[in-house]
Structures are given as C-alpha cells and as structure tokens.
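User: I have a model open on my screen and would like to know what stands behind the words used for it. Could you take me through them?

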Amino acid sequence: MPGKSRKAKNRKIFVLDTNVLIHDPTSLFRFEEHDVFLPIMTLEELDNHKRGMSEIARNARQVSRALDEMLAYADAIGEGILLDEPSRGQASGRLLFQTEAIHIELPPALPTTKYDNQILAVVIHLQHRYHRQEVILVSKDINMRIKARALGLQAEDYFNDQVLEDTDLLYRGCRGLAADFWDRHGHGMESWSADGKTFYRIQGPLCPELLLNEFLYLEGENGATEFAAIVREAAGKKAVLETLTDYTHPKHAVWGIHARNREQNFALNLLMNPNIDFVTILGQAGTGKTLLTLAAGLNQTHEIRRYAEIIVTRVTVPVGEDIGFLPGSEEEKMTPWMGALEDNLEVLCHSEEMGGNNGGISHHYGGEWSKAATHDLIKSRIRIKSLNFMRGRTFLKKFLIIDEAQNLTPKQMKTLITRAGPGTKVVCLGNIAQIDTPYLTEGSSGLTYVVDRFKGWPHSGHITLQRGERSRLADHAAEVL
C-alpha cells in the first residue's frame, strides 16, 4: 500500500471559484489526478447566473447540467464522485462537494455576507482538515487571489485554457531565411513554371520545420526583399515553394490599394487566393488589417464575383461606458460599432474614384460623392451582422469578416467559423494586445486559439502585420504611449 498512500499524499485539492466554471465549463475535468472541491457558495453563484441568453448564462447552465449528470455516478456524495468515467479518462481525481456548514473566523474587515469571503473560509477549513494535502484556490478574479495570499492561502489563476504561455511564441506566418539558404538547400533543386508562377522543389535541414502556406523571405541590403515565396508542399526533408504575386506593384492594385510592405503583400496573397478558405491577420492598430481585407473582399465580390456578398461581424464590447440600448434593426444597432468599416470604405471608394494614386489614399478626403458611395456599397453588397444571431446559420459563397476577433472566446470562435458553407471565405482580424473581454488574456483568446490550431492546414493561412502604415503620428503614439 505504500505506493497508494504516496499518490494520495501528492494529490492536491483545487477549490474552484465560480468564474472558473463560467469561463470554461469543462474545467472540472482539467485537473488530471487531483481532486476538485466545489463550495456551496460556488453553486449558489452558478444559480444566480443561469438566467438569460448571455454567454455567461449558457455556460452556467452547461455546468449545472454536467454536475447533475455526474451525480448519477455517486453512491455517497460525501465521499466524492470519481471523475474517471464522467471525464472519459481525462481526469482521475474526485469531485468533492461542501456537505456541511463551516464555521471559520475571518478577519473583521472581511464581511461573511460576501460570497468571495465565504469561499475563502472554505479554503481555510480544508487546509486544517486535509493538512497532508495542498489546498489551492483557483480563481480568475485577481483581487480574490490577492486576498487569499494575504490570508496565507495558496491561490492560482486558471491556465488550462491557455494556448500558449508566452504569446511571443505564437506562429507569425512568415519566416526570414538565412543568407546561406540557397547554398544549403539548392543542391539538386528542381524548378518549373505554371499559371504565371515559378515553383522550386528544395531539400535541406530547414524543410522539416516548414508549415504549409508559411511565407519565406530573403532580406537583402537596406531591408529590401530579395526573394519571397509560400510553402505549397512540405514532407520530410523536401518542400515545394511557390513565388508570390507582387501586390506592392501598382499594376497589381486591389480595388485601388497596393501593399506598402512585405507583410501586407503576404496578407493580400492569402486574401486573394481562392484555395485559402480561412485567413487570420494579426497586427497593431494602423497596420492595414481592415483596409486590405475590405479591398480584397470588394474586388472579389464586385469585379471577380467569386463571392455573393461581404458579411462583417464583431463582438460588441465597449471600451468605455456602455451607451445602453440602441434603436432600429439589427444592422442599425450594429452601425455604431462599425465606424472602422465606414472609415475604410470611404478611403476605398475615394481611391477608386481618384484612380488609386498613392496606394489608394488620396489627399482629397470626404465629400458628398464619397459618403454617398460608401453608404451605397454598404447597402448593396455588405451586410453587418450581430454575433447574437449567428447560431444555426449557414453562409454560402460569402466573404465573412470577423473584426476584433481577439475579444472572442475559443467557443464563440468555433460557433462562428462553423457557419461557413461551400464557397465561403472566413477572415479573422484582431490585435491580441487590445482585449476588452473580462477574463480573456492574450494566451486564452479565441484568436490565439485558431491561429495555433489552424497552422499547417492546406486551406488556411496566417500573417502578423508588423509595420504601421496609418501616419507618422499614429506610429509614434503606438511606440511611446
């Protein structure tokens, strides 16, 4: 029996705060061999949150249903429920419930009427009762964790939903090549041309690391790009590279817009490729995410007619105070959230009128024609949809733009992307440094999640835009503020 007692001794007890369950309804099964404890106040808070149609209410009801199903596996609830069967082997610990009243003296400054403080009292009680095991509070609430540590308790954030611990490791979508790349990979190289593109079959030590639809570039003097290509095949020590369409050249302008830097050129190659069904574009404010995507969407709906219409949606998370209910239809309610869309459309309408000079951005902004054309375009081929009404829909031959995607949870992102029917292209735009949704971090954002999960799929592509192209004032503000 010594092995069994040692295992029990090393087993920890994790006390879950309500916000962890609401944030990730499957969190009960994420603690492997350790035990999970639910205070009665956590269940009480779940009950308070279950009403309504919000994401929080849906998650609270999902947790309640899961707990109800697990009670079917319990012979005696006081001894806990083994999680092995309900979790299908993901967890091997027990789920413990608070089945007795707990009387612990808290400091006078902490009123017992508050749910958070009653949960802290439960953690103190468990420390005394299970003194051989570590008792750890898990909460997404920073202040709750600070109070716990001030009382000498162990407290942690919930990290299991994090795709990456360090977002610096997030896939960038492009890779710089060493100066000796051709010396090491050019031996026995094959090349051929097809459809106006040149293909290279290379072999060498870098090939096993390459991902499908990853961009490669060789930088020359003064930062100029000597060579740029996209990985079309990657198998073992061999890979096939395909040269790109040069969208930095005015003759390849898309709706009057041409790329101003290397990453924008990569983004347009993804956006204009009919074989790429899913595109993710990350970048700081002013890097051109929305402008490039709208230009590509308008080109492929109005000129090429590859898609029937453009659909734009985004999370309605206010940066400041909420302005309350908005009047009108679904599209009219969404209009205040779509200021960036109208700003970019005004530039695109104007660039088409002015012949696309200076990258499509003329000095003659505004004007009645520009405003009228912007609204006509929105009404004719661009539909603005709210996330609230996406469930159950299917989009056929649509160019779907998900703006501010960093504010989506992985579950919301899955709901949206699975709306795509045949012939639909989905483009996710966002900046993971600007997350406004509570409890979402750079590592757990739905945008980070899909970038990591889709990398290397033959029909998806990703690029991180580096350089701001808005104005010298915006660039300087992004650096110093």
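Analyst: Happy to! A cavity is a set of grid points where a 1.4 Å probe fits but cannot get out, and its volume is the space filled by probe spheres set on those points. In this predicted model, the second largest cavity has a volume of about 30 Å³.

User: What makes Thr290 and Asp403 part of the lining of the second largest cavity?

Analyst: A lining residue has an atom within 4 Å of a cavity point. Thr290 and Asp403 line this cavity, together with Leu294, Val312, Leu341 and Ile401. Helix H9 (289-303) and strand S16 (398-403) each supply at least two residues of that lining.

User: How is the lining of the second largest cavity divided by class?

Analyst: There are 4 nonpolar residues, 1 polar and 1 charged. Asp counts as charged, and Asp403 is in the lining, so Asp403 is the charged one. Thr falls among the polar residues, therefore Thr290 is the polar one.

User: And which residues lie nearest the centre of the largest cavity?

Analyst: Those are Phe454, Lys455, Ser460, Gly461 and His462, out of 14 lining residues. About 60 Å³ of space lies in this cavity. Strand S13 (278-283), helix H14 (446-454) and strand S18 (460-465) each supply at least two residues of its lining, which by class has 6 nonpolar, 6 polar and 2 charged residues.

User: Why are S10 and S11 called a pair?

Analyst: Two strands pair if DSSP finds at least two bridges between them. Strand S10 (residues 215-219) and strand S11 (residues 225-235) have 5 bridges, in the antiparallel sense, so they qualify as a pair. Phe215 stands opposite Ile230 in S11. In their hairpin, with 5 residues between the strands, Asn222 takes a positive phi near 60°.

Notes: Residues numbered from 1 in each chain as written. Predicted model: local features only at pLDDT ≥ 70, side-chain atom pairs only at ≥ 80, totals over all residues. Heavy atoms only, no water. 1 Å grid on protein atoms, 1.4 Å probe; cavity = no way out; pocket = protein on both sides within 12 Å on 5 of 7 lines; lining within 4 Å. Helix = DSSP H or I, 4+ residues; strand = E, 2+ residues; numbered from the N terminus.
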